[in-house]
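Dear colleague,

Please find the sequence and structure below. A short account of the findings follows.

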Amino acid sequence: MSQNDTDPGDLSSQRLPLWAQLSLGLAFLVLVYITAVTSTTYISAWDREDSNYYTNALEGLKVKGINPSAPTLIAFWEQGCEDCRKNIRFFSKLPSSIRPYAIHLYDKNLKESDLRQQWVSLNPGVAQLVYDETELLQTSFRVRGGAMVFLILPKDKALYSYWGEIEDNYERLSEIIKESYHR
């Protein structure tokens, strides 16, 4: 065997062309990005938003007839989102001092009557459903997808946001409310 001949069983001498290596690398990065974007577990804190965010959110709520005067939980949801449905079901476990609202992300293919029927099946307790056909609240709260939850503390004029299941971080939610209302 000459020096220029290679053994087909010798993997060290076989290399992918540069274009194939770059394609595989790009595919890997896309996979990592998609996993990070679609995962609801990568954000795990109740983040306090700035005062402008609070003002815009409250203006949107007032248009819909909602004037928070106590701790208020706003959960955005959509049909295909399991975390969203879990949040709605968790509403029935909330203490009476928290006022829960669920805002469905508008879907032009969904009739309001069908939405309300699904709402009842989720057993939301005392929570109220808000049908946001104008997408005003979605815009006011800058929501881009389901499982976004907001805590409004009118006493402190504070707004906290959370992405994911309320139950996963309910302890921190309770602490935030206690810090505001039991000083």
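What percentage of the 183 residues of the protein chain count as buried? The figure is 40%, where buried means under 20% relative accessible area, with a 1.4 Å probe and protein chains only.

This is a predicted model, in which local features need pLDDT of at least 70 and side-chain atom pairs count only at pLDDT 80 or more, while totals for chains, interfaces and linings use all residues. Residues are numbered from 1 along each chain as its sequence is written, and side-chain values use heavy atoms, leaving out hydrogens and water.

The protein chain has 6 helices and 6 strands; these are DSSP runs (helices: H or I, at least four residues; strands: E, at least two), numbered from the N terminus.

The 6 strands make up an open sheet of mixed pairing, in the order E1-E6-E5-E2-E3-E4. Two strands pair if DSSP finds at least two bridges between them. Strands E1 (47–48) and E4 (128–131) each have a single partner strand and stand at the edges, so one side of each lacks a neighbour in the sheet. E1 pairs with E6 (residues 158–163) in the antiparallel sense over 2 bridges, and Asp47 has Ser161 in E6 as its bridge partner.

Helix H2 (residues 51–63) packs on the sheet and touches E2 (72–77), E5 (148–153) and E6; contact means heavy atoms within 4.5 Å.

In helix H3 (residues 82–90), the buried residues include Asp83, Arg85 and Phe90. The cover over the buried residues of H3 includes E2, E5 and helix H6.

Key:
Axes fitted to C-alpha atoms, helices over the stretch in contact; angles between N-to-C directions. Buried < 20%, exposed > 50% of the residue type's maximum accessible area, 1.4 Å probe, protein only.
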